[in-house]
Amino acid sequence: MSDLLERLRGRGWRMTAQRRVVAEVLDGDHVHLTADEVHARAVGKLPEISRATVYNTLGEMVSLGEVLEVSTDRRAKRYDPNAHRPHHHLICGQCGAIRDVHPAGDPLADLSAEERYGFTVSGVEVTYRGLCPSCAETP
């Protein structure tokens, strides 16, 4: 059973066939699919699953905190099942490929008390942008 399925079951989330398929599609490392990509893969496993069901299921998973919604500028939102492993994202500015990265250290350590302006910081999102190896090779 996938980590995401285990987490959802642990929360007592009612596991319908549709929800299970969406969770299975999202399983894995470096998974950052758009809702349309999730739907296309889910249809391969459960042909009758609707686009609305996929969107609703993704929204529920995000609301539960079990999936992260990743925005990459003007591109479609992507869904990341690694919500419980602190990480940052490396995004290709040309093709939109996303990889999870786990740099050493605490990003808050670089933010002095003065730079916090009295904020109580509850989280950090770091995005590294550049070109993936495939796009960097393209002239």
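Colleague: What volume does the largest pocket have?

Modeller: Rolling a probe the size of a water molecule over the atoms shows where empty space is left. In this predicted model, the largest pocket comes out with a volume of about 500 Å³. Its lining is made up of 19 residues, and those closest to the centre of the pocket are Leu68, His87, His89, Val124 and Glu125.

Colleague: Since β2 has come up, what is the order of the strands in the open sheet?

Modeller: The open sheet has 3 strands in the order β1-β3-β2, and their pairing is antiparallel. The edge strands, each of which pairs on one side only, are β1 (33-34) and β2. Between β1 and β3 (residues 78-80), which run antiparallel, there are 2 bridges, and across this pairing Thr34 stands opposite Arg78 in β3.

Colleague: Turning to the helix α4, which of its residues are buried, and how far does α4 reach from its first C-alpha to its last?

Modeller: Helix α4 (residues 51-64) has 14 residues and reaches 20 Å between those two atoms, close to the 20 Å expected at 1.5 Å a residue. Within α4, the residues Val54, Thr57, Leu58 and Met61 are buried. These four lie on the same side of α4, because they cover an arc of only 100° around the axis.

Technical notes: Residues are numbered from 1 along each chain as its sequence is written. This is a predicted model: local features need pLDDT of at least 70, side-chain atom pairs count only at pLDDT 80 or more; totals for chains, interfaces and linings use all residues. Side-chain values use heavy atoms; hydrogens and water are left out. On a 1 Å grid over the protein atoms alone, a cavity is a set of points where a 1.4 Å probe fits but cannot get out, and a pocket is an open set with protein on both sides within 12 Å along at least five of seven lines; lining residues have an atom within 4 Å of a point. Grid points are joined across faces, edges and corners, and a volume is the space filled by probe spheres set on the points. Two strands pair if DSSP finds at least two bridges between them. The expected span of a helix is 1.5 Å times one less than its number of residues. Buried means under 20% relative accessible area, exposed over 50%, partly exposed in between (1.4 Å probe, protein chains only). The arc is that of the directions from the helix axis to the C-beta atoms.
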